[in-house]
Amino acid sequence: MDLSQISSINPPQRLLMGPGPINADPRVLRAMSSQLIGQYDPAMTGYMNEVMALYRGVFCTQNQWTLLVNGTSRAGIEAILLSAIKPGDKVLVPVFGRFGHLLCEIAHRCRAEVHTIDVPWGEVFTADQIEDAVRRIKPRLLLTVQGDTSTTMLQPLAELGEICRRYGVLFYTDATASLGGNALETDAWGLDAVSAGMQKCLGGPSGTSPVTLSAQMTEVIRRRRRVEQGIRTDAHQQGEDEMIYSNYFDLGMIMDYWGAERLNHHTEATSALFAARECARILLQEGIDEGIARHKLHGDAMLQGIRAMGLTVFGDVRHKMNNVLGVMIPAQVNGDQVRSMMLNDFGIEIGTSFGPLHGKVWRIGTMGYNARKQCVLQTLTALEAVLNRLGFITRQGAAMQAAWDHYLTEAPHAE
Ligand SMILES: *Cc1c(COP(=O)(O)O)cnc(C)c1O
């Protein structure tokens with residue numbers, strides 16, 4: 001290897017308007033460039049306590065156990081599933097997109113008995129459909145996705161906690177893509193566990209996963225056996241089933257590290273914690289409701305613009321997430337060619353799709369730091385120009401003007 005050929009990192013300037021990751025807020029980048037400190041420096045443990053308090057605000061919860069799992073969003077998912085599911089437990093997963101399948105895959109690895117119900121991609125479940133399945137299957141856990149970016153749909157959760165309580169079911173949701181841009185009320189909705197990630201509406205880099213656990217979920221996790229508590233002898237009495245098959249993702253051990261005992265576990269990813277702290281600080285200073293309203297404003301402006309271009313939107317728009325839009329790729333154009341022209345000629349990234357939607361749907365995000373007027377107007381202008389160049393003829397300027405009109409009527413002073 002010729003080291004002289006390797007320059008310092010200098011990535012191209014991009015405007016990330018896909019389903020995540022998105023551009024980090026510059027304040028988050030500055031927080032991450034802060035010098036490291038020791039794991040048990042009082043400043044560091046103080047920051048950890050602040051992070052717990054800040055994320056209680058973000059998750060709308062009083063849950064004591066609200067902390068970060070180091071790793072991307074699926075680290076939070078795995079930590080919760082591994083710590084909560086015992087082999088042989090029945091779990092119910094309502095699948096309405098790719099991330100429902102991820103929950104099934106991880107639950108299988110936890111050796112759960114996995115039951116699913118399905119709706120076509122682009123739709124969500126009614127509370128009745130979920131209640132019927134809960135009554136029939138009698139799961140120990142209900143594993144849901146709130147916002148499935150693969151379909152852009154937002155599953156309503158508000159009524160599910162009451163159903164879970166009635167049937168004695170633990171209630172989890174993956175809110176990675178939705179948190180900060182759509183309402184999520186952990187306590188009011190009776191959620192026992194929620195996990196999220198940084199690179200969607202929270203405006204940071206992937207690498208930490210905030211999670212929150214109800215008192216009941218904490219109790220379930222605390223009852224599990226661990227190696228240092230003498231699994232070898234306990235195993236015969238309690239059964240191997242009691243063991244959590246991961247050290248890194250054992251939430252009981254992670255709680256002991258974040259809690260007053262400060263038992264050594266991993267070395268908290270310090271720069272990532274600085275980023276997560278700044279993301280939550282920015283969001284709470286704006287206000288949870290204000291942040292959600294901002295995502296709705298810019299998501300709606302994008303929707304108006306896309307429709308004014310004569311394009312069709314994917315899925316049941318009444319249930320779409322505020323922060324991401326599925327756009328049907330018109331038959332005349334090649335979706336990947338449009339994406340590469342957007343990237344190479346305009347420096348703008350929009351998303352492709354997976355599975356059954358591949359080649360049929362683009363996904364355009366307006367989230368976190370990029371839920372801003374100039375990002376929306378630039379993206380619409382560029383997309384319209386690319387489409388016209390490739391032969392999908394529109395009345396040029398109409399899309400951007402429609403979005404601009406939306407801002408002028410809905411929020412004339414929005415940025
Ligand atoms: C984007 C997304 C993830 C991402 O997981 P990572 O491990 O951070 O890549 C997980 N769940 C949902 C619902 C998502 O939209």
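**Close-up views of a predicted model**

View 1. Phe59 counts as buried because its relative accessibility is 0%; buried means under 20% relative accessible area, exposed over 50% and partly exposed in between, with a 1.4 Å probe and protein chains only. This is a predicted model, in which local features need pLDDT of at least 70 and side-chain atom pairs count only at pLDDT 80 or more, while totals for chains, interfaces and linings use all residues. Residues are numbered from 1 along each chain as its sequence is written, and side-chain values use heavy atoms, with hydrogens and water left out. Tyr55, at 1% relative accessibility, is buried too. Tyr55 and Phe59 are four residues apart in helix 2, which means a separation of about one helical turn. Helices (H or I, at least four residues) and strands (E, at least two) are DSSP runs, numbered from the N terminus.

**View 2. Aromatic pairs.** The whole structure holds five aromatic pairs. Rings of Phe, Tyr and Trp (its six-membered ring) pair if their centres lie within 6.5 Å; planes under 30 degrees apart count as stacked, over 60 as edge-to-face and the rest as tilted.

View 3. Seven strands form an open sheet with mixed pairing, in the order 2-10-9-8-5-3-4; two strands pair if DSSP finds at least two bridges between them. Strand 2 (65–70) and strand 4 (113–118) are at the edges with a single partner strand each, so one side of each has no neighbour in the sheet. On average, neighbouring strands are turned by 20 degrees against each other, direction ignored. Strand 9 (residues 193–195) pairs with strand 10 (residues 208–213) in the antiparallel sense over three bridges. Ser195 has Val211 of strand 10 as its bridge partner.

**View 4. Helices across the sheet.** Helix 2 (residues 42–59) lies across strand 2, strand 9 and strand 10, at about 105 degrees to strand 2. Contact means heavy atoms within 4.5 Å. Axes are lines fitted to C-alpha atoms, for helices over the stretch in contact, and angles run from 0 to 180 degrees between N-to-C directions. Helix 5 (residues 127–137) lies across strand 3 (90–95), strand 4 and strand 5 (141–145), running at about 160 degrees to strand 3.
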